[in-house]
Structures are given as C-alpha cells and as structure tokens.
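Try each task before you read its solution.

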Amino acid sequence: MKHTTGKSYPSDVTDAEWEFLLPYLSLMREDAPQRSYSLRDQFNAMRYVVKTGIQWDFLPHEMPPWRAVYQQMRRWFEAGVFEEIAQDLRLMVRLLEGRDEQPTAVIMDARTLQSTPESGGRAGYDGAKKKKSSKANIAVDTLGNLLAVYITAANEQDRDQVAILSQRVQEVTGSNVEIAYVDQGYTGAAAAEQAEASSIRLQVIKHTEGKRGFVLLPRRWVVERTFGWLSRFRRLARDYERLTVTLTNFHWLAFLTILLAKIYRQSQ
C-alpha cells in the first residue's frame with residue numbers, strides 16, 4: 001500500500017478524527033492486498049476536492065491519483081457511509097449540547113446552485129434568479145444539523161419536496177419529529193398534507209408586512225446559517241457534478257467535516 005508523503009493541508013483529518021472515521025470507511029481490511037493507496041490519504045483527497053472546489057485531475061501530486069480516489073469515493077457512496085457518519089455525529093453534537101438525541105422540530109428550505117456544463121442535464125430554469133440551476137432541498141434540526149438532503153431541478157417547487165423530506169426526516173429520527181418550520185414558499189394545503197402523511201405539522205413563518213431589507217425570521221435563520229456553512233465548501237458553491245448522487249454525497253461529506261470539527265477540534 002502506498003502512502004503519500006510531504007506537506008499536509010488544512011482539510012486533512014486529525015488523528016483523533018481518523019480514529020473515529022476508520023470503522024465506517026473500512027469496507028475491507030486496511031492491509032488488504034488489493035488496496036493500493038491508504039484510505040486516509042484517499043479520504044483527505046476527497047475532502048480537499050470538496051473544500052477547495054478543484055477539478056479531479058488537479059489534485060496535488062503528493063496525493064493518490066485522482067482516478068483511484070474517485071473509485072474509492074464511489075464505493076463509499078454506494079455503501080452510504082458519508083450520511084451514516086453525519087447522522088451519528090449529529091447525535092453526538094446534540095448530546096454535547098444537552099439536547100435529546102432526536103429532535104421534535106425541524107426546519108426545511110432550499111437553495112439554488114447555478115448549473116455548469118457538467119450539470120446542465122439536471123438543471124432547470126429558476127424564474128426568480130433567471131438562470132439555469134439545481135436545487136438542494138434540505139431539512140435541519142434546530143441546531144442546524146443536516147437531517148436530509150434531496151437534489152432537484154431549480155424549476156421544481158419547494159412545496160413539492162415536502163413529502164420526500166418528511167419521510168426521510170422520520171426515518172432518521174425514529175418518527176420523533178412533530179413540527180417543521182418553513183417559509184412562504186411552502187404555503188398551501190398540498191404541502192401541509194404531504195407533511196401530515198408523515199405525522200408532521202407544517203408551520204409557515206411569514207415575513208413582517210412592509211418589511212425593508214434583511215429581516216431575521218424566528219427559526220428560519222437556523223437553516224440559512226446551515227446554507228452558509230455549506231457554502232464555504234467551494235465544490236458546493238455551484239453545481240459542478242454530472243451525477244446527482246455525487247452532489248448529494250458531497251453535502252454529507254461537507255457536513256460531517258463541520259461536525260467533526262465541532263466535536264474534536266474545539267476540544268483540543
């Protein structure tokens with residue numbers, strides 16, 4: 001097995017983080033004969049791509065070859081390990097904050113990601129922003145931790161994704177969620193009925209009449225902060241991915257990076 005040498009990068013995992021991650025990422029033995037490159041080096045390379053936004057074939061030479069990293073990434077995608085890690089870290093963060101393991105309330109929202117030539121086949125025209133885009137529909141708990149993410153074309157209505165987000169939220173929380181806070185884009189009986197089918201009450205947080213400029217809305221600011229956290233990962237600044245599964249998993253990879261930092265780096 002080859003190990004890279006030389007400089008490290010800010011996106012590299014710490015020893016403590018890697019000790020936590022390794023059981024999730026070891027789909028085969030670390031010393032398996034068919035493994036050519038260190039898992040840690042490959043995982044660090046993925047985090048480098050997501051954080052910096054570079055193209056795969058621009059990976060630094062001291063990292064494993066990009067094709068080897070990409071193949072390993074696809075194996076982890078198929079095993080669902082990035083979401084599994086993020087969900088387990090979410091439980092740890094909630095307990096450290098003195099909260100119950102599972103939330104009873106969530107916030108749902110969506111943000112558009114401008115399309116690129118690679119993602120053009122998935123994109124739809126966003127009439128409000130007047131550009132072709134994809135849309136990341138997410139649900140977070142009241143701490144801003146990611147619970148569910150669903151990628152659609154930008155021309156699909158936010159309210160039409162409530163059923164999928166609600167079902168996923170209840171799956172990962174053991175049907176513990178009772179209420180979902182949303183903005184006015186989710187207004188209407190159809191959206192409320194989709195949420196009710198998963199035993200969730202939808203509550204629309206409305207803007208103050210006659211508002212001017214930016215207004216901080218109760219509950220709603222939490223999901224906006226989550227979008228801000230994710231936007232610091234340059235690979236998520238636009239939709240650069242040809243495959244929806246890649247864009248989805250890059251959200252989970254970015255968020256598990258955020259949660260690892262909360263748990264491990266703040267305690268050092």
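This is a predicted model: local features need pLDDT of at least 70, side-chain atom pairs count only at pLDDT 80 or more; totals for chains, interfaces and linings use all residues.

Residues are numbered from 1 along each chain as its sequence is written, and side-chain values use heavy atoms, leaving out hydrogens and water.

**Exercise 1.** Find out which residues of α3 are buried and what covers them.

Step 1: Count as buried anything under 20% relative accessible area (exposed is over 50%, partly exposed in between; 1.4 Å probe, protein chains only).
Step 2: In α3, that gives you A68, V69, Q72, M73, W76 and F77.
Step 3: Their cover includes α1 (15–25), α2 (39–52), α4 (81–96) and α8.

**Exercise 2.** Work out how α3 and α8 pack.

Step 1: Take α3 (residues 66–79) and α8 (residues 244–263): their angle is about 80 degrees and their axes are 11 Å apart.
Step 2: So α3 is roughly perpendicular to α8 (that label covers 65 to 115 degrees).
Step 3: M73, R74 and F77 of α3 meet V245, T246, N249 and F250 of α8, where contact means heavy atoms within 4.5 Å.

**Exercise 3.** Is P117 buried or exposed, and where does P117 sit?

Step 1: Look in the loop between β1 (105–114) and β2 (124–126), and you'll find P117 there.
Step 2: P117 has 79% relative accessibility, so P117 counts as exposed.
Step 3: Now check E241: 124 residues from P117 in sequence, but 9.2 Å away in space, C-alpha to C-alpha.

Conventions
Axes are lines fitted to C-alpha atoms, for helices over the stretch in contact, and angles run from 0 to 180 degrees between N-to-C directions. Helices (H or I, at least four residues) and strands (E, at least two) are DSSP runs, numbered from the N terminus. Angles under 35 degrees count as roughly parallel, over 145 as roughly antiparallel, 65 to 115 as roughly perpendicular and the rest as oblique.
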